Amino acid sequence: MAPAKRRNVSSAKSSELRVKTAKIDLDSIRERILESRKHANDVFDILEVLQSEKEKDVLGAVDACSKLFYTLLERKELFIGKLPEEEEALSGGSSAEEKYRIFMRHRYNSCVEILLEHLNHELHGVKESALCCLMKFAAGEGQYPLEDLDWSEHHIFPRELLQAVVDNLLSKTADNTLLISRFQEFLEMDDLRYYVMSSIRENVAKVMDKNKGAVLPVYQNNVFTLMSNISIPSQESELTNFMVKREAKPEDWKAAKLKDHKRAFERMWLGFLKHKLPNGMYKKILVILHDSILPHMSKPTMMIDFLTAAYEVGGAISLLALNGLFVLIHQHNLDYPDFYKKLYNLLEPSVFHVKYRARFFHLANLFLSSSHLPVYLVAAFAKRLARLALTAPPTALLIVLPFIYNLIRRHPSCRVLIHKPSTEGETEPLEDPYVMDEEDPVHCRALESSLWEIKTLQKHYHPDVAKAAMLINTPLPEQEDDISEVLEITAFELMERDLKQPQIKSIPLEFEMATQLLKGGGDVLAQHFSLG
């Protein structure tokens, strides 16, 4: 479908009169056009109502166009092949049949052009109606192609029309989230989904190159919304739902091959993620990365550039980026030696106060769960957490202390951090060799230090913290502590728990209760003075 220059669709009839009887007229006009070709010019009346300012009239015209032109597609009464200029063709020596087909094909193109404009209409009802009509035309063009090609050599698919629909869905100024959610039902068709992925990639490349890679929040949100609705079947045998249905399909038809779907999916995402994104979008993508994106890619390790860039954003996004890298390392054999160095550098005092604290320690516990990590690395994490614990709130300490104990349990060689040689006889306190400002855990000298910070916390003002710190004085049991129970604990919950503690009825002060201190005070004083 190649949109032609729109012809004037006005008529001499009164617009007001026609609007009042739009529904009746449109139905009768459509029937007259389909019954007799002598009424072909009446199509201009339908196209004019299609551009009305009233929603009800536009919806009626969309319905009329949908039925009219789909029927013409079925009857093959639209010109097939490269469309000639209308004025030249109608004034030439073509047959009446040929002129009619050319005339109606130009009207069809005008209708499509108006419907594409309606995808940006201010009223959602008009947008949705136009979208459904365009997709019906796409199905019609797939079943009754307007291109003059041999099916045995080519797979004919209305790619040009689909590209135009995608281009309008991915608006740079309007949030089309609601309209894209309506478009999602069409993505269940395997061939259409394949060509939509290609259309998205072409659109992103064109738009971002034109804007020199600048951040376009509205546009990029529309792209993400559309892409995140695309999922790929896990097996090629599941590729059975096609919009264009033919008895025989070419062997090289990519839309019917799972490997080509994965390749298109991968190219679409990589083409989008190579550009700078709004900060809020990194989090949206990273949250769905390991479930909805990586499993459908032919080479998941190609996401490393995006994940590295996401880590540099900082905060929760850095943590989520490390989660993505962790998946690539363990499930796709990615070699990424700086992983634990990046995790180590996320351990800052602010990590105890951010809203994603629970997620951070949950993932950190997962990342450090392997018993094959080098001792110096585990010692560095334990020591850094212990140092940060000196200024952490009680709710964080109830997470950090069990976390450190679990690290020591998994790596008994780290017990050297607890059992340091005695320093009796020393008149000066020893200087801690640990280098807190060192970014590389290899060079922080944690193994040369000790966990004296935990000993300090045994004097903490909160009894639960002091009790947890006292555990280091005794041999740690082999069973690890379940930190999931304390990850979400808040200061309010701690206070509520303390207030609900049962009160002690009597408080013992002496081994033997005093009986004569206040009783009979006068006699005691008299004896005192008489003795004097």
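Analyst: The crossing of α12 and α13 is left-handed, a term used when the near helix is turned anticlockwise from the far one by less than a right angle. The model is predicted: local features need pLDDT of at least 70 and side-chain atom pairs count only at pLDDT 80 or more, while totals for chains, interfaces and linings use all residues. Residues are numbered from 1 along each chain as its sequence is written, and side-chain values use heavy atoms, with hydrogens and water left out.

Helix α12 covers residues 258-273 and helix α13 residues 279-293; they pack at an angle of about 160°, and their axes are 13 Å apart. This angle makes α12 roughly antiparallel to α13, the description for angles over 145 degrees. Axes here are lines fitted to C-alpha atoms, for helices over the stretch in contact, with angles running from 0 to 180 degrees between N-to-C directions. Helices are DSSP runs (H or I, at least four residues), numbered from the N terminus.

On the α12 side, the contact is formed by Phe265, Trp269, Phe272 and Leu273, which meet Met281, Ile285, Ser292 and Ile293 of α13; contact means heavy atoms within 4.5 Å. These residues divide into seven nonpolar, one polar and no charged. Nonpolar here covers Ala, Val, Leu, Ile, Met, Phe, Trp, Tyr, Cys and Pro, charged covers Asp, Glu, Lys and Arg, and the others, Gly among them, count as polar.

Two residues of this contact, Phe272 and Met281, also touch Gln220. Gln220 belongs to helix α11 (residues 217-228) and is buried, with a relative accessible area of 1%. Buried means under 20% relative accessible area, with a 1.4 Å probe and protein chains only. Leaving aside neighbours within four places in sequence, the contacts of Gln220 also include Lys276, Leu277 and Pro278, as well as Val215 and Met208.

Helix α10 is mostly covered, since 15 of its 21 residues are buried. Just after α10, Lys212 takes a positive phi of about 55°.

As for the setting of these helices, the protein chain has 23 helices and zero strands, and 47% of its 532 residues are buried.

Terms used
Parallel < 35°, antiparallel > 145°, perpendicular 65-115°, else oblique. Buried < 20%, exposed > 50% of the residue type's maximum accessible area, 1.4 Å probe, protein only.
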